[in-house]
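I opened my notebook to look up how this chain is put together. My notes follow in the order in which I took them.

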Amino acid sequence: MTTTTTTAGTPTGTSAGRTAGTPTAEARLAALQEAGLVAHGRGSAEYDALVSGFNLDLSVSPVAVVEAADAADVVALVRLAGEQGFGVGVRLTGHGLSPDLDDQVMVHTRGLSELHVDAEGRWARVGAGVLWQQVLDVAAPHGLGAVAGSAPAVGVVGYLTGGGISPVGRTFGLGIDHVRSFDVVTGDGELRTASAAENPDLFWALKGGRGTAGVVTAVEIDLVPVAELYAGALFFDGADADTVLRTWASWSATLPAEATTSIAFVRLPPLPQLPPPLAGRFTMSVRFAWTGSLEQGPEVLAPMRACATPVLDGVGPLPFAALGAIHMDPVDPMPSLEAHTLLAELTDEALGALVDLAGPAAECPQVVVEVRQLGGAMSDGAEAAFAQRDAAYSVFAVGLAVPPLREAVTAHGRALVDALEPCSTYGLLPNFATGTDAAWWTAAYGEQGVARLREVVQAHDPRRVLAGSRALLAATDPRPTTR
Ligand SMILES: Cc1cc2nc3c(=O)[nH]c(=O)nc-3n(C[C@H](O)[C@H](O)[C@H](O)COP(=O)(O)OP(=O)(O)OC[C@H]3O[C@@H](n4cnc5c(N)ncnc54)[C@H](O)[C@@H]3O)c2cc1C
């Protein structure tokens with residue numbers, strides 16, 4: 001455990017929602033520091049830096065932030081929280097939604113930075129503060145890759161606790177299918193190992209159940225023996241959207257599991273750092289990752305290359321560690337709004353709706369509207385809280401949460417989800433949809449999944465310390481409300 005002195009935050013007086021008997025923010029901060037934790041209060045530069053994450057629209061305002069240096073710090077914090085009755089949330093990059101952390105303490109995991117690759121055994125031990133790009137970089141010299149997501153600047157643990165949809169997912173499955181074990185501090189303040197053999201209920205809950213079941217401090221994952229892919233993105237003029245989308249839909253339906261693909265309607269701003277064929281233009285991007293032989297890749301992609309004239313052809317041999325080049329997700333923080341739905345199929349009507357709402361004639365305020373083909377190895381895997389293996393496609397839209405666009409982006413996202421409803425599975429990917437109400441939990445995990453998550457959480461967090469378990473239990477309490 002690390003002991004240090006930190007600057008107390010600006011006095012905040014009685015914070016919103018504080019009831020009589022609740023300690024002030026200063027008293028809470030002092031208690032954390034007395035316990036030997038590195039804690040920052042509101043008003044300090046460290047606090048501001050740690051609460052500010054990738055999505056500037058998802059702001060959190062915890063009463064204090066604790067920087068964990070090791071698992072013992074997390075244990076000490078959770079035990080103190082249990083004794084003193086405050087909640088604990090967890091965060092790394094701020095790419096995802098955190099539960100409401102007002103009047104709770106946030107543990108920031110960037111100090112949990114261990115990273116070890118066992119090249120012979122093809123596995124890695126990864127601290128909760130590690131990003132996917134770091135894992136890809138240390139695995140690459142051994143000819144190994146990892147089932148990371150499209151944005152390698154995302155945290156390994158945050159991605160895995162949401163299931164993990166990868167640009168190579170149809171070949172290798174979900175991120176969670178490669179987890180050997182989690183080290184996790186549960187709400188009762190115990191550091192446990194969760195694996196198929198040890199604490200299998202916790203293991204089940206952590207594989208997709210977000211931060212409900214505990215604060216993960218490290219994870220052990222299997223690596224995949226792939227050094228190079230045939231991968232990247234083809235960009236077409238937006239005017240060809242209808243042809244490109246319809247060709248993609250019929251072509252992708254015939255692909256073997258060595259191919260993972262998605263298509264996106266892309267409207268990038270006219271920024272000087274972007275390639276000229278994309279900057280300030282509406283384009284269609286076909287993302288493609290082929291894990292079979294490099295010679296076969298071009299043959300498989302040929303029907304897409306031939307369907308219209310690409311304005312940019314960025315598909316070719318790609319080192320596995322450059323996986324992020326397939327989607328080219330943004331890396332700089334920005335305020336964004338998201339809309340998401342899962343589809344059982346892509347009918348002619350659904351394709352028409354996509355073109356109507358995001359094609360060349362549409363007033364589409366989104367930066368990206370993407371359709372990812374799921375299936376392949378993602379359809380199978382060991383039991384997990386993640387409950388969406390049957391979905392065939394994921395639709396995801398992202399737009400800027402800035403005035404005057406904000407309302408238009410929100411309304412367009414709703415219209416998109418409504419228009420695709422006839423094909424919807426009514427499910428949601430926990431990593432792609434942000435929500436906090438009962439409907440969100442049921443859509444993400446199903447009724448049985450919610451009930452099982454509740455059981456795990458109630459068994460391991462008797463004092464309701466963790467923000468994730470508080471959020472789940474409050475939103476999904478099956479008992480009727482009494483007045
Ligand atoms: C541009 C972009 C691209 C993305 N691409 C993909 C993709 O291809 N595939 C995919 O599956 N997802 C994708 N995501 C979603 C991303 O994986 C999730 O938002 C993920 O939760 C981010 O984890 P984080 O730790 O970086 O973020 P944070 O915002 O810091 O954490 C988000 C949540 O993760 C959980 N969490 C984080 N750390 C811990 C911990 N130590 N213990 C327990 N729970 C924890 C908590 O519930 C927390 O609220 C993308 C997101 C963005 C913004």
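**Entry 1**

I needed one definition before counting. A polar contact is a pair of N or O atoms within 3.5 Å; within protein, one atom must be able to donate a hydrogen and the other to accept it, and residues adjacent in sequence count only if both atoms are side-chain atoms. I also noted that the model is predicted. With that in hand, I looked up domain 2 and domain 4 and found four residue pairs in polar contact, with both residues at pLDDT 80 or more. I then searched their interface for salt bridges, and the count was zero.

**Entry 1**

I went back to domain 2 and domain 4. The contact takes 17 residues from domain 2 and 15 residues from domain 4. I looked up the area buried between domain 2 and domain 4 and got about 1200 Å². Carbon and sulfur atoms give 69% of that area.

Helix H7 (residues 200-206) gives the largest share of the side of domain 2 that touches domain 4, with four residues.

**Entry 2: the four-stranded sheet**

Next I traced a sheet. Four strands form it, in the order S1-S2-S4-S3. The sheet is open and its pairing is mixed. I asked which strands stand at the edges. They are S1 (38-41) and S3 (88-91). Each has a single partner strand, so one side of each is left without a neighbour in the sheet. Neighbouring strands here are turned by 30° against each other on average, direction ignored.

S3 and S4 (residues 105-108) pair in the parallel sense over four bridges. Glycine 89 has methionine 106 in S4 as its bridge partner.

Then I looked for helices packed on this sheet. Helix H1 (residues 25-34) touches S1, S2 (64-67) and S4. The direction of H1 makes about 165° with that of S1. Helix H3 (residues 71-84) touches S2, S3 and S4. The direction of H3 makes about 170° with that of S4.

**Entry 3: the five-stranded sheet**

I traced another open sheet, of five strands in the order S5-S6-S9-S7-S8. Its pairing is antiparallel. S5 (115-118) and S8 (191-195) stand at its edges. Each has a single partner strand, so one side of each has no neighbour in the sheet.

Four bridges join S5 to S6 (residues 123-127), and the two run antiparallel. Valine 117 stands opposite alanine 124 in S6. Helix H3 packs on this sheet, touching S7, S8 and S9 (215-222). The direction of H3 makes about 45° with that of S7. Helix H4 (residues 132-139) packs on the sheet too, touching S5, S6 and S9. The direction of H4 makes about 35° with that of S5.

I looked at the turns next. S5 and S6 form a hairpin with four residues between them. In that turn, arginine 122 has a positive phi of about 55°. Aspartate 118 has tryptophan 123 in S6 as its bridge partner.

S7 and S8 pair in the antiparallel sense over five bridges. Aspartate 183 is bridged to threonine 193 in S8. The hairpin of S7 and S8 has five residues between the strands, and glycine 189 takes a positive phi near 80° there.

**Entry 4: a salt bridge**

How many salt bridges does the structure hold? I counted 16. In one of them, the side chains of aspartate 177 and arginine 389 meet at 2.7 Å, N to O. Aspartate 177 lies in the loop between helix H6 (169-172) and strand S7 (179-185), and arginine 389 in the loop between strand S16 (368-373) and strand S17 (393-400), so the pair ties together parts that are 212 residues apart in sequence.

**Entry 5: leucine 92**

Last, I picked out leucine 92, in the loop between S3 and S4. Leaving aside neighbours within four places in sequence, its contacts include His108, Ala128 and Gly155.

Technical notes: Residues numbered from 1 in each chain as written. Predicted model: local features only at pLDDT ≥ 70, side-chain atom pairs only at ≥ 80, totals over all residues. Heavy atoms only, no water. Pairing = 2+ DSSP bridges. Axes fitted to C-alpha atoms, helices over the stretch in contact; angles between N-to-C directions. Contact = heavy atoms within 4.5 Å. Buried area = accessible area lost by both parts, 1.4 Å probe. Salt bridge = Lys/Arg side-chain N within 4 Å of Asp/Glu carboxyl O.
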